[in-house]
Each structure stands twice: as structure tokens, then as C-alpha cells.
Protein chains: 2
Amino acid sequence: MPGVDPKSYVSFDAKVRQAKAAERGKFQFLFLPDGPSQMVDIDNEAPNFNLDVMLTLAAIARETSRIGLIATGSTTFSEPYNLARQFKALDIMSHGRAGWNAVTSSGEDVAANYGQRIPSSADRYGRADEMVRLVQALWGSWGQDAWVHDQATGQFAKGDDVVPINLGGKYVASRGPLYIPPSEQGQPVVVHAGGSPNAHALAGRYASVAIGASFTIEDARAQRAAFRAGAERAGRDPDEIKYFPGLMTTIAKDRRTALDRRIAMTGRTFPQRTAYLQQMLGVRLDPARLDDPISPDQLAAARPSPHDPRSAHALKIARQGWSLRDVLAHGVIDYHPVIAGPAVEAADHMQEWFEAEAADGFWISPDIYEDGVDAFVDGVVPILQERGLFHTDYESATLRGHLGAPAQYGPDPRVMD
Amino acid sequence: MPGVDPKSYVSFDAKVRQAKAAERGKFQFLFLPDGPSQMVDIDNEAPNFNLDVMLTLAAIARETSRIGLIATGSTTFSEPYNLARQFKALDIMSHGRAGWNAVTSSGEDVAANYGQRIPSSADRYGRADEMVRLVQALWGSWGQDAWVHDQATGQFAKGDDVVPINLGGKYVASRGPLYIPPSEQGQPVVVHAGGSPNAHALAGRYASVAIGASFTIEDARAQRAAFRAGAERAGRDPDEIKYFPGLMTTIAKDRRTALDRRIAMTGRTFPQRTAYLQQMLGVRLDPARLDDPISPDQLAAARPSPHDPRSAHALKIARQGWSLRDVLAHGVIDYHPVIAGPAVEAADHMQEWFEAEAADGFWISPDIYEDGVDAFVDGVVPILQERGLFHTDYESATLRGHLGAPAQYGPDPRVMD
């Protein structure tokens, strides 16, 4: 995009700047998805992932003080001991602000980078369940009060309280212990991203945060209820799991300015995206005529695809008379609902979903071309604060505290096989 | 140790301080071994490893500017794609200062943390060889000139130059590509630590640095020659591989002060170590009589163990009349030769070994209780500089430059199957 450092893809400085902006806005956490092993249209787009999520969060941990730090770590393609060690080290490094998004990898594209095929859904979720339990057992293998570091006697730790876990299941095994004492929040918070019944069950057993993709209030309510039901089935209080649907924002002084910003950022991909939109609306669209509105005849013939939950909204936007280019600039085929416009529209969206019990919070993806996070923090956050919907400062120094998640060290004794 | 922060084991601040001290001393690199999965006598000693080597180096990368950053990454218990990604991301983050110590894991103690047994030596080194080639192929899979980031045309990269590697062998496989462009040094430097014929062959093929453990000049000369011969057999110039034997130092104004410092640090372990020393010298030693010199009768009966290369030196120290406690304080059963005394003794040791072609440099392990690195930098480095044996400033900004290692991107075409 014009005016943006074209090397920001490899800039850890840029990531730290964005994190500081989010912390200025009192965000409870950063959430870094991961999947750079997916094939990317590299001619036209920077890969939409960090070079390495753990190194990015390490840099941010050193240069921020309050914001939580959540990264994705695949349960399918990681060694549990390596993963447990790195997340707990991040938790120490950040003084209790780390979270692990424990997901299964589902793309053959990803599996190929590990010289493997994607296992069946049952095997993926079976392994994920064992992984989380084993990782939490390693986290708790250094007894909570074992670290005495007594200079008078020379005792470093109580060896009897730092003990092997000797866990082995169908998919993963480890002896332990992990030589890392508790952090300020004990151990990292567990997060899950997904929306399937398997996801509801896994998150219900272990997660304090569920990240979702919902395009309607109705779907978000159903997702939130399903995660809460999963927690209840696992013997937990449903309030222990918070549902955060995604929201993408381009905040600007008015709709036109926001659309133009999105066209400048992503307009190069619109000819290809026209083909997607055509399927969603069930009408022929011409990628050579991006500046024309979709004709009344076309709109009358449109049949929103029942297979894509974004279709009805896309048709609603198209019927407002925007050009094909502007319809696409509204983000009608993006990964989450998109607000492109003034700050109050984002605040209204969040308030409506929150009050309808469709969300406990939101995973905000502001467009991050230099000032996208700042635009949200300076525009949307004050409105939410004025409405009494968002805190004006951190009440805690740990991620567990930010979330109101109960204390936990080692596995949750309520969650049994 | 009295006067030391007893929580330094979990302090990333302490690691960064030590790294800055080493950079002030113009050290070419930091070298972080790894193996926290080994069982540790946690009652008496802090684990001698970083909580996580990559997160430690990430913090250091952000807070230093010239020193090289090498970490151990097991070829036995890591996923090659994950390892390749994290080391190349560190290389980007540090602007071309990363190195990968590609070792095989050989302890059953370590394997147990991965729910596995240690493979045979042939399988370990077979996998290591495939791992290095695959990792280097992933590093080179983003074409050297592929990143155009052209703001006028909107092209991000030349897709035809960012390509799958589709490598698969007996042990590991990956499709790729890895979406990380070249760093300032292209890709990380490869390092190997070991001393067996397998190590000489593996390092000879791939490594720019070999880290060794030699207790005599004769052994170090033989090790250095063996690594150089390994490089020649692989079709490389032997000067492309540098041999760095270890050296542990406690620098103080005189021998007595240095010994007392070591006693304060590690004296708690001396009763157990007496049993080791007894085996090395072939005489009975009484751990209850640490303050007595070893008697003339005992010394006359001593038979240095032919199985331990440290035995002859241990006997030499014992014959100087030191108490049993002081003999142990000399570090006669430590992992590397130990200099405990004034700075000039360390400088003399290094000069002697260097001039005898027993070393291209040294892996220095100063005792790191707060000021151990500073004592080396302020005491030993100026002597080496005065003697014309050590540079007075960095000549380069990358690890490859510091080592005089030739440019390489992707696999080395001279090293064939």
C-alpha cells in the first residue's frame, strides 16, 4: 500500500509497535494465529501470518507490560515437550501473560510440510486431547512451592516436588519433569479456535477462551452456547469459557474513505474475488466491470448460496447500489464480519452482539497497515468506554486475571478421562 | 551464591545483561547448549540450561546489535519444518546473526521426555544429515531475489521463485516452501558440537563452527584436524570450519580468591564429587576430610584413570599440595579445562592452544554469577588484544561475517549425497 514500509512483513519493530498500540487501548490480549505452511498467493499478497509466532511474542513480551500474549501451537504437528517448554518459558518471560491456542491442523497443505497426511478428525482430536493434558501435566510438574532458592542453606529446590509425570497415551507420551517454576499466573491459559462439535468438546474441557468465526448474531449465540455447554459437560462452570467471535475493521471518518482504503490495500485481488462473489450470489459477474453497480436484473435473479453464511449479507450490500468494486471493498467475502466505516459503526456492532449474548468479547483484526490498530484504539475504544462496555484500565497484570479465569496449576482435576 | 539474585534462573534480564557484557567484549557469538530434559540434581543446583534457548536469543536479538546468536536444536527430537522456520525467523529478527547447532540427542533421559528411546547411532546421524539438508533447502526455498515488494505494481514477490522443495528421505520429509526471505547473511550458519567420527563427518559436510571438549592440546589438535579433514572429504576448504574447544573460567585477582569463589558457588556438590575424583585417581578419598591435602602415601599410590582424559591434570594439581576441597575447586572434573585465577593465566592458555593449532577460537563458559562475564571481558580480552590475538571491534554485522564463513543460500551444492 502506498505510504507503508514495504518491508513490514519482516519487521519485528512493526509487530511491537502494533502491540504497544493495542496495549494503549487496554486490549486483554493479542491473538496470533499460525499457519504459514499454507500455500499463499505470494505474487499478490504478503503471507497473512507472523514469521514465527513465538519469537514475535518474545519480542513483544519484553517491550510491553500488561497485554496478554496468545499464540497458536498445533497439537497435530508439534512435539508436546517442546511446545510445553516454549509456552511456559514465554509465560515466565512475560510475567504471567501467555496463552496457548491449542488447535488441530486440518489442511493437507500444512501436513505436506511435515511430510505427512492429515489424520482423521477422530485421531486429530484424540491427539489434541492427550496433548493438552500432557502439556498441562508438564506445566505442573515443577511443584508450586518447590522453588526455595535458599541462599543460607544452598538448597535450590525441593527435589521431591519436581517430579516426572510418566504420562503416555495412544498418541503422545512424556516422562518429564519440565524444569520451569510457576509464573505469576501459574501456567499459560488454554485457548481454542474452531466451531465444530469436536471443538466445543475440546474447548469445553480445557479452554478459557474460544475464538470463533460467526457471521450472524444467531450463529454467534449458538456457538457461544455450544462452548458453554461443552464446559458444563466437562464439569466446569460455563462462565469459565469466554467466546470471542472475530471482527475485522477499517476505521475511517466515513464509509467512502474506509472503502477507498480497503481498495488501496486489497483491490488487486478483486478480479479473482469476483468469481467467489458470483458463487455466493448465484449470478454472473464480470471482473472487467468492477466500477458498475450490479444491475437490477442481476439482483432480482440473485439466489444467496445456502452453503456460505456470508451470502445474505453480501446480497444486502449489493442491493444498496454500490459498484461491484465497492461491494467487494465492504469485505463481504472476508474471514469475519467487516466494519468499514466510522468508529461508531464498530461500537454499535459490538454492543449489539454483546447484549444479545452472542459474544463475551471480540477478536478484532484491524487492518494493520501502520495505523489500523491506532484508528481502532483512538476511535472505537473511547466510545465503548463511554458506554460502560469496556474497562478504562487493566485491573490485573496477568492474562488469567484479565479473563477472570480461575487459578489452575497442572491439569484441571475436574476434567477426567 | 551469596550476593546473587536467587531468582536469576528465570530472569531474561540477567541473560540480556550477560549478552551485552559479551558484546562489549566483542565476542563473535553466544553459544547456548540445550538439554533441559536431562534429569537434574535440583536440590543442589539450578539446571545448567536456559528455560528456552530460542526465546532467550529472541530477547537478546532485540537488545544487542552485533554479537552472533547460536542455539542448539536437536535433529533427533524436532520437526524439521518447525525448526527451520524458527531459526530463520531468528536470523531475520537479529539481522543476520543466527546460527543453528545441529546435534543429535543421545541420552535416554532426553528421549524419555519425547516418549521414545534413543535411536542407534547410525539412525541418529542418518536423520541428522537429512535434517540439515532439508532445513537448508527450506531456508533457500524463498528465492534470493524473489522479494520485490513493488509498491507501484502491487507485486509482493515473484511467485515462480518461491517454490516447494519436495524433499523426502528415510527419516524426514517436507514440501515447503518456507515463507521467509533471505536475512542479511542469507540464512543461519550451521554449527555442530561433538567429537566422534560421526561428528567429524556431519560437521565436515555442513558446519562452519565445531564446538568441542578437549582437555589437552594434543587432543584439541587431533580434533581440529579431524574436523578439517571432514570438511575436505566433503569437498570444502578446511578453513571453512573453525574448531572451538571449551574453556571455563573464574577470573579473579589471584588463585586463592578464584578458588574461594568457586567453593562458594559449587562447594555444596564437593562431597559427591569426591567419589568421582577417587575413580579418576585410583585412590580412596574421604569426603569428610575436604580440608586436608591428599597424603603423600595416597599420591604415591595414585594411578590416573586411562578412561578419563582429565585424570593426569587432576593428579598434577593434587601433587601441588592443595586440600581436597581446593583440588575440586580447580575444576578438575568439570566439562572443560578450567582456569581459576588471574586473567593472564586464561590469556596464556588461549595463546598456547591457538599457536599450537589446537583451536581457532574458544567457547568460553565464564562462571556467570552476575559478574563472571564482565571479569573475563575486563581482564582477559584486553590482554589478548594487546598481544594482537583478538580483534578490537567487530568487522562485520553478521555471524557469517564474524566467522569469515563463505556466502551460502540453500544447500551447499558441493556437498552431494
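This is a predicted model: local features need pLDDT of at least 70, side-chain atom pairs count only at pLDDT 80 or more; totals for chains, interfaces and linings use all residues.
Local features need pLDDT of at least 70 and side-chain atom pairs count only at pLDDT 80 or more, whereas totals for chains, interfaces and linings use all residues. Residues are numbered from 1 along each chain as its sequence is written, chains are lettered from A in the order in which they are written, and side-chain values use heavy atoms, without hydrogens or water.

The contact (heavy atoms within 4.5 Å) draws 70 residues from chain A and 70 residues from chain B. Together the chains bury about 6100 Å². Carbon and sulfur atoms carry 56% of this area. Buried area is the accessible area (1.4 Å probe) lost when two parts are put together, summed over both. In chain A, the greatest losses to chain B fall on R62(A), R175(A) and Y179(A), together 13% of what that side buries.

Eight salt bridges link chain A and chain B. Each pairs a side-chain nitrogen of Lys or Arg with a carboxyl oxygen of Asp or Glu within 4 Å. One of them joins D109(A) to R175(B), with the closest N and O atoms 2.7 Å apart.

Several elements of chain A contribute to the side that touches chain B. Helix 1 (12-24), helix 2 (53-63), helix 3 (80-93) and strand 5 (173-174) each supply at least two residues. Helix 3 gives the most, with eight residues. Helices (H or I, at least four residues) and strands (E, at least two) are DSSP runs, numbered from the N terminus.
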